[in-house]
Amino acid sequence: MKRFEGSICLVTGAAKGIGAAIAARFASEGATVLIAGLHLDTAQNMAAEIGHGAVGYEVDVSESSAVIRLFDRVIKEHGVPDVVVNNAGIASDHPSVDLPDEVWQRELDVNLSGTFFGAREAARRLIEAGKTGVIVNISSIAGFRVVSPERHVGYDATKAAISQMTKVLAYEWAPQGIRVNAVGPGYTDTDILKEIARTSPEIVDEWLAKTPYGRLLQPSEIAAVVCFLASDDASAITGQTVMADGGYSL
Ligand code: NAD
């Protein structure tokens, strides 16, 4: 399939993990992919690995000024992105009574504000240019169910908020032809999980026991759902969070 021939697709947090898989899938379907990562070198390295003319950029999505600068640059060099995927995210593991203020705040800043800043800038630039487009946000099973035994109340709150924000923005921007959806991954084999499982590897068995598929998902499986939502095949869908979780949320 070449559903994104001629499209410009910007993916945040795409130097590795799910974001890299999303970028690779867009590229394989003909898009010009812009990989926005926290560090320029890793973003550029991933762009080189993906090929197909992918380009790496640096952004800290938690800073609105950095997100604005990113869009200024990509628009100058490539044009207004047709698709923006707000994928960058962080998670921690702390009992809530011991959760340090700075960890709470950073999760809100990166996951929630970062997703909003990316969505707002994407819509602003599309509307200014008189273009239609698509925004896909990354939520989580943790925004819908209490996940355990890990404890990350800040993360969970941001993911629930991302799904609600997705509905609100979809409603607001539908008249301008901008669709906004989210994907809610289940446990997916990336570094964010490896970090949580580092001190207690047995946690993985608990995750698998609670997942009807009985396995971790692969980043490419999440990427396929993101690309479906970004494609014209999903033209009827806006404001939804599609769970891609191996049945975890059932
Ligand atoms: P990951 O740790 O492999 O990748 C996260 C990426 O986000 C990294 O490249 C990191 O550098 C980037 N990032 C972090 N802070 C940033 C910032 N301030 N600005 C720009 N980039 C930043 O983890 P992943 O599993 O690939 O996570 C991708 C998304 O999927 C996240 O939003 C995460 O919450 C979500 N998710 C993951 C899982 C899972 O099981 N892996 C499940 C549900 C949701």
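Helices (H or I, at least four residues) and strands (E, at least two) are taken here as DSSP runs and numbered from the N terminus. On that count, the chain comes out with 8 helices and 7 strands. This is a predicted model, so local features need pLDDT of at least 70 and side-chain atom pairs count only at pLDDT 80 or more, while totals for chains, interfaces and linings use all residues. Residues are numbered from 1 along each chain as its sequence is written, and side-chain values use heavy atoms, with hydrogens and water left out.

Start with the overall build. For 250 residues, a compact globule would have a radius of gyration near 18 Å, and the 17 Å of this chain agrees with that; the radius is taken over C-alpha atoms, and the globule rule is 2.2 Å times the number of residues to the power 0.38. Along the principal axes, the C-alpha atoms fill a box of roughly 50 × 40 × 35 Å. Buried residues account for 51% of the 250, where buried means under 20% relative accessible area, exposed means over 50%, and partly exposed sits in between (1.4 Å probe, protein chains only). The chain exposes about 11000 Å², with carbon and sulfur atoms supplying 54% of it; accessible areas come from the Shrake-Rupley method with a 1.4 Å probe, and for residues only the protein chains shown count as cover.

As for charge, the mean positions of the 21 positive and 31 negative charges are 4 Å apart. Lys and Arg count as positive and Asp and Glu as negative, with His and the chain ends not counted; each charge is placed at NZ of Lys, CZ of Arg, CG of Asp or CD of Glu.

Setting aside residues up to four places away in sequence, S139 touches a list of residues including F144, K159, I162, S163 and T241. P149 also belongs to the loop between strand 5 and helix 5, and a cis peptide bond, with omega about 10°, joins S148 to P149.

T12 sits in strand 1 (residues 8-12) and is buried, at a relative accessible area of 6%. The T12 side chain reaches the backbone nitrogen of N87 at 2.9 Å, and a polar atom of that side chain lies 3.1 Å from the backbone nitrogen of A88. Beyond residues up to four places away in sequence, T12 touches A36, V61, V85, N86, N87 and A88. T12 and L38 are 26 residues apart in sequence, yet their C-alpha atoms are 8.6 Å apart in space.

D82 is found in the loop between helix 3 (64-78) and strand 4 (83-86). At 18% relative accessibility, D82 counts as buried, and its side chain is joined to that of K131 by a polar contact of 3.1 Å. Apart from neighbours within four places, D82 is in contact with G6, S7, I8, K131, G133 and V134.

T211 occupies the loop between helix 7 (203-210) and helix 8 (219-230), and is buried at 7% relative accessibility. A polar atom of its side chain lies 2.8 Å from the backbone oxygen of W207. Leaving out neighbours within four places, T211 meets Y187, D245, G246 and Y248. In helix 8 itself, there is C227, buried with a relative accessible area of 0%. Past residues up to four places away, C227 touches R3, F4, I22, R25, F26 and E29.

Technical notes
Contact means heavy atoms within 4.5 Å. A polar contact is a pair of N or O atoms within 3.5 Å; within protein, one must be able to donate a hydrogen and the other to accept it, and residues adjacent in sequence count only if both atoms are side-chain atoms.
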